[in-house]
Amino acid sequence: MALIRERFEELPGDEPRYQRVGLADEVAEVGRSASRPLLLPGFDEFILGYQDRLFALTELVPGNNGMFKRSAVLGGRVVGSWKRAGTPGRRRLELTRFEALSSRSESSFEKAFHTWPFLTQ
């Protein structure tokens, strides 16, 4: 331990415990990143990866026809569906909310929309 001690920081507690320097900051950043608003395509693994998708199917699969709407995810939860509206040169976000969203969340979805690939198509 003496040879690598500077790579670790000691954690508080009764027993000596160590973690890599900066690990707590990295974990906090991953948590912040995972809670950011996401606009996902219709057949994204976020929905398809679950064995039981009932939490999202009623709203994301209209008419039970097997076609998935695009999902809007906030804090790891599906909070709506979305689509592109407007003309190719003037696209805008059309968000169908499954619950009330804060103005900050609405703004974050708008920002995510403007960075989404293939926005002009």
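## Basis

Residues are numbered from 1 along each chain as its sequence is written, and side-chain values use heavy atoms, leaving out hydrogens and water. In this predicted model, local features need pLDDT of at least 70 and side-chain atom pairs count only at pLDDT 80 or more, while totals for chains, interfaces and linings use all residues.

## Overall fold

The protein has four helices and six strands. Helices (H or I, at least four residues) and strands (E, at least two) are DSSP runs, numbered from the N terminus. Their order along the sequence is β-β-α-β-α-α-β-β-β-α.

Of the 121 residues, 25% are buried. Buried means under 20% relative accessible area, exposed over 50%, and partly exposed in between (1.4 Å probe, protein chains only).

## Helix H4

Helix H4 spans residues 103-114. Its 12 residues reach 17 Å from first C-alpha to last, close to the 16 Å expected at 1.5 Å a residue. That expected span is 1.5 Å times one less than the number of residues.

Ser105, Phe109, Ala112 and Phe113 of H4 are buried. They cover an arc of only 100 degrees around the axis, so they sit on the same side of H4. The arc is that of the directions from the helix axis to the C-beta atoms. Ser103, Arg104 and Lys111 are exposed on the other side of H4.

The buried residues of H4 pack against strands S3 (38-40), S4 (70-74), S5 (77-87) and S6 (90-97). Contact means heavy atoms within 4.5 Å.

## Near the start of the chain

Ile4 lies in the segment before strand S1 (8-11). Ile4 is partly exposed, with a relative accessible area of 32%.
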